[in-house]
Amino acid sequence: MLDRFLPVWIIAAMGAGLLLGRLVPDLDAALDAVKVGEISLPIALGLLLMMYPVLAKVRYDRLGSVTGDRRLLISSLLLNWVLGPALMFALAWIFLPGLPEYRTGLIIVGLARCIAMVLIWNDLACGSREAAAVLVALNSIFQVVAFGALGWFYLQVLPGWLGLSQATLDVSAWDIAFYVLVFLGIPLAAGYASRKLGERARGRDWYEQRFLPRISPVALYGLLFTIVILFALQGHTITSQPADVARIALPLLAYFALMWGGGFLVGKAIGLAYDKTTTLAFTAAGNNFELAIAVAVGVFGVTSGQALAGVVGPLIEVPVLVALVYVSLWGRRLFTAEEPARA
């Protein structure tokens, strides 16, 4: 029931969040106040609940087959760290030439490569869990190293070369590393420990046939909880500034569609199987919205246009990538099955 009607539950969670944010006085302020630094604890809880079951399913003894696949790794790096930021920069300037705050916010979203929610979309689309774990870890390393440098390039250097207006982004690599540790390190360690300890104590059959089915629904509960919180936090803003939200949404829609479609076509063109092609597409299309929002709020302020653009990111990403899960499943017919598809 949960899986079959997931789009219904997601739409209901979005609606519930909007209503709560609009109808309950000061709910957004109360939720936003529960944080450590710039990390919202309710959102962090939802993301951790989402990621742990998926990472507990990964067969860590198979990661070598992924790390040795240079086609997958190189394609992912090029899509995420060359094409993704460049495409978002272009779309931001094309759609929002006279709105510098929103434009800067979108560019920040493009720099924050996904390390969390992509695991859910990949799992729903029957992508490779092992490939997703490796690519997410790879993105995390590059995020710590490259986020600040790419922000400087796309907000100051490249606009200067093109004769466009410039902006600044002052963000510490240590702050980025902290976000990566919280949103990837904790659930990854928990998932790895669960598999190692569970298999050692009861064996792989018990772990995969008894334990994993019990914890699997937690991931989707975490997803729905996160969606409710996200929309509740911004319910008033969304309903009071619909025109601005719509303007920000247009380049985001184009971005998600182009990145996912490009990743899927690249995977097919270089001869990857369906599961790795799907993983490549979703890791290319997703973004680390929590990092983007935290950076925008920390640098420009909670009421800034940059922060609003960061917030609109996941509000558009969630329904679009859910739709792309079904597109991906439909696209399985384009591949020759090398192994039975997961149910």
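Reader: How far is the sulfur of C126 from the closest cysteine sulfur?

Author: A disulfide is a covalent bond between the sulfur atoms of two cysteines. The working cut-off is a pair of cysteine sulfur atoms within 2.5 Å. Here the sulfur of C126 lies 18 Å from the closest cysteine sulfur, in C114, and that is too far for a bond. This is a predicted model, in which local features need pLDDT of at least 70 and side-chain atom pairs count only at pLDDT 80 or more, while totals for chains, interfaces and linings use all residues. Residues are numbered from 1 along each chain as its sequence is written, and side-chain values use heavy atoms, with hydrogens and water left out.

Reader: How many disulfides does a search of the whole structure find?

Author: The search finds 0 disulfides. C114 is in none, its nearest cysteine sulfur being that of C126.

Reader: Is C126 buried or exposed?

Author: Buried means under 20% relative accessible area, exposed over 50%, and partly exposed in between (1.4 Å probe, protein chains only). C126 has 12% relative accessibility, so it counts as buried. C114 is buried too, at 1%. As for its place, C126 sits in the loop between α7 (118-124) and α8 (129-162). Helices here are DSSP runs (H or I, at least four residues), numbered from the N terminus. Have a look at the backbone of C126 as well: its phi is near 60 degrees, a positive value in a residue other than glycine.

Reader: At what angle do the axes of helix α5 and helix α12 cross?

Author: Axes are lines fitted to C-alpha atoms, for helices over the stretch in contact, and angles run from 0 to 180 degrees between N-to-C directions. The axes of α5 (residues 70-95) and α12 (residues 242-269) come within 10 Å and cross at roughly 155 degrees. The two helices are therefore roughly antiparallel to each other, a label for angles over 145 degrees. Their crossing is right-handed, meaning that the near helix is turned clockwise from the far one by less than a right angle.

Reader: Which residues make the contact between α5 and α12?

Author: Contact means heavy atoms within 4.5 Å. Among the residues involved are L79, L83, L87 and F95 of α5, together with L250, Y255, L258 and V266 of α12. By class, this contact divides into 14 nonpolar, 3 polar and 1 charged. Ala, Val, Leu, Ile, Met, Phe, Trp, Tyr, Cys and Pro count as nonpolar, Asp, Glu, Lys and Arg as charged, and the others, Gly among them, as polar.

Reader: How do helix α6 and α12 pack, and at what angle?

Author: Helix α6 (residues 100-111) packs on α12 at about 35 degrees, with the axes 11 Å apart. This crossing is right-handed. Y102, L106, V109 and G110 of α6 meet D244, I248, P251, L252 and Y255 of α12. The classes here are 7 nonpolar, 1 polar and 1 charged.

Reader: Which residues does V66 touch, leaving out those up to four places away in sequence?

Author: V66, found in helix α4 (residues 63-67), touches L72, L73, E130, A131 and V134. The C-alpha atoms of V66 and V134 are separated by 7.2 Å, although the two are 68 residues apart along the chain. V66 is buried, at 1% relative accessibility.

Technical notes. Angles under 35 degrees count as roughly parallel, over 145 as roughly antiparallel, 65 to 115 as roughly perpendicular and the rest as oblique.
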